[in-house]
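Me: I have a protein model open and I would like to learn how to read it. Could you take me through it one feature at a time?

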Amino acid sequence: VVVPGQVLTDSIALIIGQLLDVMLYWSGPACVGATPLAVHQMRVAIRRLRSAFSIFKHVAPCGPITALAPALRDLATCLGGARDWDVFLGGTGAQIQTLFPDDRRVRTLLASAARHRESAYVALRAFLTGPVFRELEVALACTAALRPWDDAQPATQPGPLQEDTSVFAAAILTRRYRRVQKAGRHIRTLPVVALHELRKDCKRLRYAAEFFQPLFPDKPGRKFIRKLAALQEELGMLNDGAVASGLMSHLGRVERGYAAGLVGGFVAANSEHLRSGINDAWRHFRASPAFWHPPA
């Protein structure tokens, strides 16, 4: 983890290197596909990597990082396809099966979903064992070790890369926190589309908070992240329902009409209950002070 007093260039290299380690650790189990956990953890690592590049792109511009963007996006797409079917089969699909255990059409729906899951894992395995992923591994390792962003900075003008990381971190966290606060205004009446955008803003804030929390007092930071994670979880359950409805378009024509109606009805029935949890989580999050600001 980053440590207090660390200059920004060291922090950037450390974060990229750590996320590469996580990605490689889970890549083998993700290939096997024996448990959804591996794909989930690897997907989170890729999301954090992409978030890190977004955070640092203005202070650490370099060609190698820009060149990694398409490969990271393609990997995220492959992981997302497998993860979406995992979540559906373990969540909405399992709940519908419990409600309609003897319905032949439900069994047909779930069997088709399982086949699509396997196809998604076949595509993921092909990516993880192919040359693009190997090139991505090497490029990320070289980026963390060689720090090409240092070459883009004139030696006579040290700039932000040689400053304490906490200064940069506070500015990033403040900007992302304000965006979440603005997006969540009037949360009780926000349409579902706006709640999905709020979820994305929460995710971006959480990644930045997790990167930089060790630079600030420990207890307030952990409390802030815990409440933010709870809000993100509530918003994520609403999003899982929307994803489940979208997945139905991939099913065959025979299953699709019945499946779309059944899943759509199930998601709609849950939405009001989920909104109550979102409102409560938002209230608890708003009560948690920004840990990167000194107390008044």
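Reply: Happy to! Let's start with contact, which means heavy atoms within 4.5 Å. Keep in mind that this is a predicted model. Take Q213: leaving out residues up to four places away in sequence, Q213 touches D218, G221, R222, I225 and F291.

Me: Where does Q213 lie, and is Q213 buried or exposed?

Reply: You will find Q213 in the loop between α9 and α10. To judge burial, look at the relative accessible area: buried means under 20%. Q213 has 11%, so Q213 is buried.

Me: Let me try T9. Which helix holds T9, and is T9 buried or exposed?

Reply: T9 is part of helix α1, residues 8–32. With a relative accessible area of 3%, T9 is buried too.

Me: What does T9 touch, leaving aside its neighbours within four places in sequence?

Reply: T9 is in contact with R147, W149, D150, L161 and Q162. With W149 there is also a polar contact, side chain to side chain, at 2.8 Å. You can compare sequence and space as well: T9 and F56 are 47 residues apart in sequence, and their C-alpha atoms are 9.8 Å apart.

Me: How should I think about a nonpolar core?

Reply: In soluble globular proteins, nonpolar side chains tend to be buried together. Here the largest nonpolar core has 93 residues, and F56, L75, F88 and F212 touch the most other members.

Me: How much space lies in the second largest pocket, and which residues are closest to its centre?

Reply: The second largest pocket has about 570 Å³. Of its 24 lining residues, R47, R50, S51, F53 and S54 are the closest to the centre. Helix α3 gives the most to this lining, nine residues. The classes here are nine nonpolar, six polar and nine charged.

Definitions and conventions:
Residues are numbered from 1 along each chain as its sequence is written. This is a predicted model: local features need pLDDT of at least 70, side-chain atom pairs count only at pLDDT 80 or more; totals for chains, interfaces and linings use all residues. Side-chain values use heavy atoms; hydrogens and water are left out. A nonpolar core is a set of buried Ala, Val, Leu, Ile, Met, Phe, Trp, Tyr and Cys residues joined through side-chain atoms within 4.5 Å. Buried means under 20% relative accessible area, exposed over 50%, partly exposed in between (1.4 Å probe, protein chains only). On a 1 Å grid over the protein atoms alone, a cavity is a set of points where a 1.4 Å probe fits but cannot get out, and a pocket is an open set with protein on both sides within 12 Å along at least five of seven lines; lining residues have an atom within 4 Å of a point. Grid points are joined across faces, edges and corners, and a volume is the space filled by probe spheres set on the points. Helices (H or I, at least four residues) and strands (E, at least two) are DSSP runs, numbered from the N terminus. Ala, Val, Leu, Ile, Met, Phe, Trp, Tyr, Cys and Pro count as nonpolar, Asp, Glu, Lys and Arg as charged, and the others, Gly among them, as polar. A polar contact is a pair of N or O atoms within 3.5 Å; within protein, one must be able to donate a hydrogen and the other to accept it, and residues adjacent in sequence count only if both atoms are side-chain atoms.
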